[in-house]
Amino acid sequence: MRADESTAPAAPGFTGPRWLLPSAVVAELAPEAGRPGRRTARDWIVDFLCFLVAVAVGLTVADAFPGERELPEVVAAADQLLGALACAAVWLRRRWPLGLAIAMVPLGFLSTTSAGACTIALFTLAVHRPFRYVAWVGGAQVALIPLLAWARPDPTLTYGPAVAWSVLFTVTTIGWGMFVRSRRQLMLSLRDRARRAETEARLRAEQAQRLAREAIAREMHDVLAHRLTLLSVHAGALEFRPDAPREEIARAAGVIRESAHEALQDLREIIGVLRAGEGDDGGRPQPTLAALDTLVAESREAGTKVTLDQRVTDAAAVPASVGRTAYRVAQECLTNARKHAPGAEVAVTVTGGPGEGLDVTVRNPAPVGEVPPVPGSGQGLIGLTERATLAGGRLEHGTWGDGGFEVRAWLPWPAAA
């Protein structure tokens, strides 16, 4: 055994030392371990035992045929020489299993002392090669058994039992080799299945992380974009009207301070989610449909003209997830209206009831004058569409009237039980 075999890392999926595995299995489990034909310590032990078995069987067979002692010395010497060559060839059974098994077919017919080596070669062929090769070689050996039993009869058995015993022994050897091959293939298939399961688990974990990051990104966009647009509107008012009355300046400064505080609080919660790896149920409650009035009031304080038409059968019965999605739709639309249509009047309509669903419609006319393009436009609508789809609803958006814009969302509201 090489010195590095006992210290080499075990093949993936095998917790024991690698030298306990056959070289063919190691080559399948860990192709990077080395040359596929290099023997392991187990191979050396098994091959040495096979060589001893082949020699022992050859000597036993030679002593079991006393009638053949009257053969000419040249024939007996040739038989023993061929048997010795067959035993030595056992060391080549792993490198050339098919060639060795084919060579053993005529050799076994000519030399009775090579019986053990022929059996080992046939067994090796059944272990390392598909059944079609085993069928051809094994069939040739079975076909020669009646002729061999007639040419060199067994002194202890009659012709019929000798043929039957030889055929049964050959078939058993093939079956044993195929069983060993199937066990190895089963082990390799189980390892491949374990590898696929690990890969699928890793992919599912990566997908879950990606979905969580996308959800956090949508939440950050929905919340912070609304707060920052309020800050921008009030800061712009202070910049362009430095001579405004003191009360208006104080009110605008108060709105800026409150909006900044809310934005920092939302950002702190999102960062907390990222650090903890999971949501915190002890944080501030998520907005629902009941918070829509507060949202509209904040937009009006920022100078946006907003009309709210809320005709819901039972607002308190709206599911929390549906109400939160409706709130985010209205929040994103009001934010977009402030950015893309400043000064335009926005109409928010919310209707629906249990069993009918919740309809949210936000419209605004075309802006007055030229509005500079805003970088990154359209990302919020993509997030809203995905959010509505995840809630089981749908969202549509497009132009309305003479250049205006409209967003229509329908969210499921199951009927009361």
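Mentor: Angles under 35 degrees count as roughly parallel, over 145 as roughly antiparallel, 65 to 115 as roughly perpendicular and the rest as oblique. The model is predicted: local features need pLDDT of at least 70, side-chain atom pairs count only at pLDDT 80 or more, and totals for chains, interfaces and linings use all residues. Residues are numbered from 1 along each chain as its sequence is written, and side-chain values use heavy atoms, leaving out hydrogens and water.

Trainee: How are H4 and H5 oriented to each other, roughly parallel or roughly antiparallel?

Mentor: Helices (H or I, at least four residues) and strands (E, at least two) are DSSP runs, numbered from the N terminus. Axes are lines fitted to C-alpha atoms, for helices over the stretch in contact, and angles run from 0 to 180 degrees between N-to-C directions. The axes of H4 (residues 97-110) and H5 (residues 115-128) cross at roughly 150° and come within 9 Å. H4 and H5 are therefore roughly antiparallel.

Trainee: In what order do the five strands form the open sheet?

Mentor: Two strands pair if DSSP finds at least two bridges between them. The edge strands, each pairing on one side only, are E1 (306-312) and E4 (394-400). The pairing is mixed, and the order is E1-E2-E3-E5-E4.

Trainee: Which residue in E5 is the bridge partner of aspartate 359?

Mentor: E3 (residues 357-364) and E5 (residues 404-411) run antiparallel and are joined by seven bridges. In E5, the partner of aspartate 359 is tryptophan 410.
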